[in-house]
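I opened the file and kept short notes. The entries follow in the order in which I looked things up.

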Amino acid sequence: MDNPMKIAFSEIKTLSEGVIAVGVTEDSTLGATARALDEQTGGALSRALGAGRFKGKQGTSTTIVAPHGLDVDAVILIGLGQPGKIDGSGLRALGGSVVRRMNAAGAKTGAVAVDAVDGASVAPPAMAADIALGARLGSYSFDKYHTKKKDEDKKSLGELTVMLDEPAAAEDAFEANASLADGVFTARDLVSEPSNVKYPKTIAEDIEALTADGIEVELLDRDKMASLGMGSLLGVAQGSDHEPYLAIMRWNGAPEGADQQPVAFIGKGVTFDTGGISIKPGQGMEEMKYDMAGSATVVGLMKCLAGRKARVNAVGLVGLVENMPDGKAQRPGDVVTSMSGQTIEVINTDAEGRLVLADVLWYAQATYKPRFMIDLATLTGAIIVSLGTYHAGLFSNDDELSERLIAAGKESGEEVWRMPLGKRYDKDIDSAIADMKNVGKGREAGSIAGAVFLERFVNGVPWAHLDIAGMAWMKGSHDPTVPKGASGYGVRLLDQLVRAHYEG
């Protein structure tokens with residue numbers, strides 16, 4: 001992200017410029033700062049509450065432009081909802097909404113006042129930290145390639161000050177959130193880049209730069225992967241001029257005496273997916289630049305964990321390939337041998353992500369003996385048909401890991417929905433000529449077919465597969481913390497999972 005918006009914290013003070021946002025609960029009760037502003041404006045805020053439909057409901061707002069008695073350009077009344085239901089997810093959305101409103105007003109500077117709310121279970125410093133995170137996430141834009149963008153279309157807000165009685169406590173609480181936002185932005189940037197700029201080697205170079213954050217990085221090239229027997233991954237890569245890589249990131253943050261067994265995150269990194277010989281239709285194919293979003297999430301997560309010095313040992317592995325249809329490309333009907341020794345009949349070369357993940361999953365469990373493995377992939381269009389753009393599909397062989405992911409999804413706002421596995425679905429990928437085929441029974445249960453395929457390569461390790469095809473790229477966003485385009489989905493979810501259960 002270019003020129004990220006600055007977040008500052010201060011005590012509540014009178015402003016001489018910009019825009020200020022203040023909270024209103026669902027019973028139309030003004031907070032302390034709002035009451036003070038109401039008095040200074042001769043009751044303008046109260047009149048706004050009485051005259052319009054805005055009553056403080058969560059997710060709603062109204063703006064008073066150039067209020068008499070104040071030097072600010074506008075006052076934004078933000079709905080907090082019912083005091084007893086104020087939570088982190090709602091506060092982050094509030095922060096994102098504030099930024100959208102201020103940018104719409106053309107404000108260069110702004111402030112949001114955070115007062116104690118009677119009946120709320122969240123204290124002002126924690127409220128402020130969540131609002132600041134939502135504001136930071138909502139401020140994202142990818143403008144790298146715009147050369148003639150009109151001023152009115154640019155984001156104007158350069159600094160947001162979060163004001164409260166305990167600014168130091170809020171700033172401390174926000175420190176880890178700042179690293180989380182950096183991780184999300186890393187993922188969004190990677191996904192947003194076009195594929196003539198972003199291909200396996202350049203992403204591998206970006207990953208190598210993470211050594212500056214204290215992350216150990218290892219890259220396996222084509223020859224090394226061939227020596228390990230990764231015929232499944234390499235089969236996908238053989239039609240491209242771009243060399244494939246397996247990039248490995250290790251963060252060793254667990255304290256002495258804690259469980260040293262790492263947690264493992266695996267990402268599909270198909271930097272562009274034409275479908276190969278089973279070529280995709282031309283319409284919409286440009287979106288296949290985001291087929292590496294799973295790998296971007298893993299990179300962003302590892303940056304986040306290192307940035308906030310997470311007390312855990314974590315390993316991130318991403319298989320980086322490009323799927324192209326040239327004379328060397330694999331064909332439908334080819335049989336490849338995976339690192340596990342299992343053979344795969346390639347029925348459809350557009351079901352390539354699972355072929356990449358098969359070898360990376362096997363390598364991860366064999367090399368690092370992790371406590372669990374979670375893979376992320378834009379694996380199937382079928383999951384979008386099933387769940388739309390509100391939940392990622394969750395498939396798992398472990399109930400405890402699934403329950404923790406579901407809880408982390410609700411807390412982070414990046415929700416998942418558990419889907420079935422089982423022997424009946426697994427039989428659908430049996431092949432007449434090899435150990436398995438890479439698709440199931442046509443259009444039936446397409447997402448599940450991909451998941452049961454991957455399950456054959458986890459070797460009994462607790463595992464979850466997140467099909468994020470509907471979540472990685474937003475054509476329009478219902479969440480004010482998520483922009484149109486690359487969402488960075490999964491970084492917040494997995495960071496919350498680690499925070500809640502796996503830090504020493």
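I began at Ile344, which stands opposite Met436 in β16. The model is predicted, so local features need pLDDT of at least 70 and side-chain atom pairs count only at pLDDT 80 or more, while totals for chains, interfaces and linings use all residues. Residues are numbered from 1 along each chain as its sequence is written, and side-chain values use heavy atoms, with hydrogens and water left out.

I then followed strand β12 (residues 343-345), which 2 bridges join to β16 in parallel. Strands (E, at least two residues) and helices (H or I, at least four) are DSSP runs numbered from the N terminus, and two strands pair if DSSP finds at least two bridges between them. The open sheet has 3 strands in the order β11-β12-β16, and its pairing is mixed. I noted β11 (335-337) and β16 (436-437) as the edge strands, each pairing on one side only.

**Helix α2**

I asked which residues of helix α2 (residues 44-51) are buried. They include Ala44, Leu45 and Leu49; buried means under 20% relative accessible area, exposed over 50%, partly exposed in between (1.4 Å probe, protein chains only). These residues lie on the same side of α2 because they cover an arc of only 140° around the axis, taken from the directions from the helix axis to the C-beta atoms. On the other side of α2 I found Arg47, Gly50 and Ala51 exposed. The buried residues of α2 pack against β2 (19-25), α1 (32-40), β3 (61-65) and β4 (74-81), where contact means heavy atoms within 4.5 Å.
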